[in-house]
Amino acid sequence: MLLTSKEFLDELEYHGVDFFCGVPDLIVGKLVDLVEERGLAYMPATCEDVAVGVGVGAYLAGKKPCVFMQNSGFGNASDAFVTLAKLYRIPMVFVISVPDMPVSAGKEEITNYAQHLDWKRLILPNLDALEMPYTLVEKETYKEEMKKAMEMCEETKHPVALIIRKGYMD
Amino acid sequence: MRRSEAIKKIFENTHSDALFIFANGRIGREAYVEQDRKGNFYMLSSMGKAASIGLGVAMNAPEKQVVVVDGDGNALMNMDNFAMVGYAGPTNMTHIVLDNKSHDTTGGQESLSTKIDLSKVAEACGYANVWSVKTVDELGECLEKCKEEDGEKNGPSFVLVDINKDKYSVARTPHHAPEVMRDRFMEAVGASV
């Protein structure tokens, strides 16, 4: 069973996330629709790097921000992550979607698209290299994993990433 | 006009509890020397992001005047900020670009603003008030209008300030640790730390 965007957003809200900024893709599209339906504070971003800037500003004004982007978008956002969110120790949540990452063994692998192949392989090593803590979001464990991630975020005053792979959230 | 004169004037003609986001390079370093305050956020790097940070603050602290002091190089690096600010339209935001048409911090290399008028960009993106000024007095007048409009009917204001290149004014890198800047800024906003 897939995790629903509603369940995921409920959990973000449960942990106090109250400001959203980012660039949508097919995986987080429904999540963004829900954010708007619920009337949560939301700023559409032109690019993922400025989304981080807006998120940092929102935090400074007392919000608990979530910035969302596709894995390629994290490439755009890397410097803002390192020299703003990380440097100033901003506890914010990055939701990073990974299109076309193969679903777990046993399930049919979705066709690979050439434009996604490199980032799919590079995103997790890239997060490791930039010292971004992350957790892979799955239906079975998401509540527990998100609780751990959000607690770490607050305690260490450092951003955390929640990774949503294609085929894991609807 | 020198950068330092513009910065002095900006402090003089904005609300005493205004929140400032200073772009990296000489802008933040000269502001730090001129008047270091809790409500000053100095960008140490992340070039281009001053107006995005300012937008995030302005949207969520609507009762305060939020002043972004940007440079031409910074503004050009993320010109998409203009679109986001125009779209969101925070009435309490004043976006100032100190334009010396160069990357003065790194030795004065020419920037694209030699040919691009950033006030036209602000206008096209829907800033409610757009001014282009050449003297300290003109700058002061525009900033007084921004104060009047603060929190009221109008959307964001933009002031393009023509300044000279200047590598001789005193400039110091802010000595506060980044997380200290974060906490004292939040204190100035009135946000819980």
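Which residues are buried in helix α1 of chain A, residues 5–14? Keep in mind that this is a predicted model. The buried ones are Ser5(A), Phe8(A), Leu9(A) and Leu12(A). Now look down the axis of α1(A). Its buried residues fall within an arc of 95°, so they line one face of the helix.

What does that face pack against? After α1(A) comes Gly16(A). The phi of Gly16(A) is positive, near 90°.

How many helices and strands does chain A have? Six helices and six strands. Read from the N terminus, the order is α-β-α-β-α-β-α-β-α-β-α-β.

Next, overall dimensions. The C-alpha atoms of chain A fill a box of roughly 45 × 30 × 30 Å along the principal axes. A compact globule with 170 residues would have a radius of gyration near 15 Å. Chain A has 15 Å, so the two agree. Of the 170 residues of chain A, 47% count as buried.

Contacts in sequence terms, then. Take the contacts in chain A with a separation of 6 or more. Residues 24 or more positions apart account for 76% of them.

On to the partner chain. Here, 24 residues of chain A are in contact with 29 residues of chain B. Two elements of chain A each give two or more residues to that side: α3 and α4 (71–86). The most come from α3(A), with eight residues. By class, this side of chain A has 14 nonpolar, six polar and four charged residues.

Last topic, the core. In soluble globular proteins, nonpolar side chains tend to be buried together. The largest nonpolar core here has 115 residues. Which residues have the most contacts inside it? They are Ala51(A), Phe22(B), Val69(B) and Val161(B). Helix α3 of chain A, residues 48–60, gives the most to this core, with eight residues.

Take Val69(B) as one case. Leave out residues up to four places away in sequence. Val69(B) then touches Ile10(B), Phe20(B), Phe22(B), Ala23(B), Ile27(B), Ala31(B), Ile96(B) and Leu98(B).

How values were computed: Residues numbered from 1 in each chain as written. Chains lettered and ligands numbered in written order. Predicted model: local features only at pLDDT ≥ 70, side-chain atom pairs only at ≥ 80, totals over all residues. Core = buried A, V, L, I, M, F, W, Y, C linked by C-beta atoms within 7 Å. Buried ≥ 20, exposed ≤ 12 C-beta atoms within 10 Å, placed from the backbone. Helix = DSSP H or I, 4+ residues; strand = E, 2+ residues; numbered from the N terminus. Contact = placed C-beta atoms within 7 Å. Rg over C-alpha atoms; globule rule 2.2 N^0.38 Å. Arc of directions from axis to C-beta. Nonpolar A, V, L, I, M, F, W, Y, C, P; charged D, E, K, R; others polar.
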